[in-house]
Amino acid sequence: MCELSLARAHTPAARSTMITMTADRARREAFDSDARRLRGTLRSTVDGIPVVWKDLFDVAGTVTTCGSSSRLDEPPAQADSTLVRRLRALGTVTVGKTNLSEFAFSGLGINQHFGTPINPLDAARVPGGSSCGAAVAVAVGVAKLAVGTDTSGSVRVPAAFTGCVGFRASHHRYGPNDFHALSPTLDSVGFIARSVGDIQRVDRLLVRGQHPVPPASQLIIPAGEWVDDCSPGVHASFTAAVEALRRNGVVVTTRELPSLRQAQRLLDTHGTIVGAEAYAAFGALLADPAAMEAATRRRLRRNASAAVAPLRAAMPLLRLRFRAELGGAIMLCPTVRHEPPHIADLLAGAAAYDAANASTLRTTMVLSYLGACGVTLPVPGVDDELPSGLLLSAPDGDDGVLLATAAEFSPPEGRERPQNAAG
C-alpha cells in the first residue's frame, strides 16, 4: 500500500498535489506496520494506512511552507506536530505534505507558486481550498486519509468540489491546535476520505471514552439564501438528494433559523474574524512586494482595518441560539452554492477571483462562525451536471451524532467515483 501511494503521488493526475514527499519515513513506517501485522500486534484499526498532511502541520525534517514561497527558507521542523505524533502512535504511514492555498487563506485552491492541484472531476475547474492537495490526494488514491484544517470551509469545500467526504471537527476536538494557524479563534482540524466510516474510525481512536450515539432523527433545511441562491445544477442535485432521503423515511423539514440569518448579517456588516486574524498574522509581509501572491495581498489589505469586536461579542449567544433552534436535529444544505469555478475565468481578473472566493465560502464561513462541526457528502449531479456536496452541520461538540447521521447517508466504502477530468 505504501509503494502504491508513493507511485500515485508521481502520476499526472496528482500533479501539484504534494509539496513535500516523505518517502523514506513512509517506507520505514510501512515496514514497521507490516512487521506488527505478521506478529498480530497491530496498534489500531488504522495501522498501516497511508496518510497525508496539509502543509500547516510540522513533520520532522521538513519545512512547513503554509503554501507560501515566503517560507521556503525556514528551517525544517525539529519535531512532529501533536496530531502527527498521535496518528503515528496509532500506526499510520506519513506519505507527505499536501499543497494548499497560500497561508490557507482562500476557498479556491489556486496556488501560483506550488501549482494548482488538478480537480479529478474537471481539470479546467478549481479543486477548492484551502486544503486542495488534501482532497485531490484522496480522490486520486495517494492516501486513504488526508488531514487538513478548516477555518471557513477549507476541508468541506475541496471535498465537495472533488467528490470526497470531508469532516470539520469541533474546535479543539483533538486537543490544542499546534499547526500553523490562520485564525486561532476558528481553525479546526478536518479529515478528507472516501467514506464517513474511514473518518469515524480515526475519530473514535483520537477521542477516547466517547460512547456510540444514534443518528439524529430529523434534518432541518434552513429557509433562505442557503438553498435559494444555489445554481440550477446544485439546486437540482440537492433537491434530488433530499427527495431520496424522504423516500427512505428520513424526516426533513424546512424552516427559519434566526441565529443563522443574524450571523450572516453580522458577517456582511463587519467582515470576518478570519480576515482580521489573518491580517494580524501575515500583514507585515505586505511590505515585501514579492512575498505573496496578488490575491493573498488583496485579501490582507481588505482586512487591515477590520473591526470585529461586534462579531466576537455576539458569537457566544448566537452559538447557544443555533443549538436551541436545531433542538437535536442536524442542519442540511448544499456545501457550496455553485459548481467549481473555471480556473481561467478566475485568473483573468481580480474582481472575478475575489467574488468567486467569497461566494464559494459563504455557506461554510457562517457555520464556522457559529462553531458548527460539519460533514460534506458527495451527491451525483442531475442531467450530466457535476457532482456536488450535501452538507450536514451540528452545534459545537456534537461530532458523534453528526458522524453517525452522515454514516447513514454516505456512499458505501470503496465505491469508485467517476473520473471526468480532461487531460
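Student: Which way do the side chains of strand 5 point, and are they buried or exposed?
Tutor: Strand 5 covers residues 165-168. Val165 and Phe167 point one way, Gly166 and Arg168 the other, and all are buried. Buried means under 20% relative accessible area, exposed over 50%, partly exposed in between, with a 1.4 Å probe and protein chains only. Helices (H or I, at least four residues) and strands (E, at least two) are DSSP runs, numbered from the N terminus.

Student: Before I go on, what kind of model is this?
Tutor: It is a predicted model: local features need pLDDT of at least 70, side-chain atom pairs count only at pLDDT 80 or more, and totals for chains, interfaces and linings use all residues. Residues are numbered from 1 along each chain as its sequence is written, and side-chain values use heavy atoms, with hydrogens and water left out.

Student: Back to strand 5. How many bridges does it make with strand 6?
Tutor: Four, in the antiparallel sense. Val165 has Ala193 of strand 6 as its bridge partner. Two strands count as paired if DSSP finds at least two bridges between them.

Student: And with strand 10?
Tutor: Three bridges, antiparallel again. Strand 10 spans residues 373-379. There, Gly374 stands opposite Arg168.

Student: What is the strand order in the sheet?
Tutor: The order is 1-3-2-4-6-5-10-11-9-7-8. That is an open sheet of 11 strands with mixed pairing. Strand 1 (18-21) and strand 8 (251-255) are the edges, each pairing on one side only. On average, neighbouring strands are turned by 25 degrees against each other, direction ignored.

Student: How do strand 4 and strand 6 run relative to each other?
Tutor: Antiparallel, joined by five bridges. Strand 4 is residues 145-150 and strand 6 is residues 188-193. Asp150 stands opposite Ser188 of strand 6.

Student: Which strands does helix 3 touch?
Tutor: Strand 2 (50-54), strand 4 and strand 6. Contact means heavy atoms within 4.5 Å. Helix 3, residues 82-89, makes about 180 degrees with the direction of strand 2. Axes are lines fitted to C-alpha atoms, for helices over the stretch in contact, and angles run from 0 to 180 degrees between N-to-C directions.

Student: What about helix 2?
Tutor: Helix 2 (residues 23-39) lies across strand 1 and strand 3 (93-98). It runs at about 155 degrees to strand 3.

Student: New topic. How many salt bridges are there?
Tutor: The whole structure has 23. The cut-off is a side-chain nitrogen of Lys or Arg within 4 Å of a carboxyl oxygen of Asp or Glu.

Student: What does Arg27 pair with?
Tutor: Glu3, with the closest N and O atoms 2.7 Å apart. Arg27 lies in helix 2 and Glu3 in helix 1 (residues 2-8), so the pair ties together parts that are 24 residues apart in sequence. Arg27 is partly exposed at 40% relative accessible area. Glu3 is partly exposed too, at 45%.

Student: Is the Asp122 and Arg125 pair buried or exposed?
Tutor: Asp122 and Arg125 are both buried. Their salt bridge has its closest N and O atoms 3.0 Å apart.

Student: Where do Arg312 and Glu277 sit?
Tutor: Arg312 is in helix 12 (residues 309-326) and Glu277 in helix 10 (residues 273-282), 35 residues apart. The closest N and O atoms of this salt bridge are 2.8 Å apart. Arg312 is partly exposed at 35%, while Glu277 counts as buried at 13%.

Student: Which residues form a salt-bridge network?
Tutor: Arg25, Glu29, Asp32, Asp80 and Arg88, joined through shared partners.
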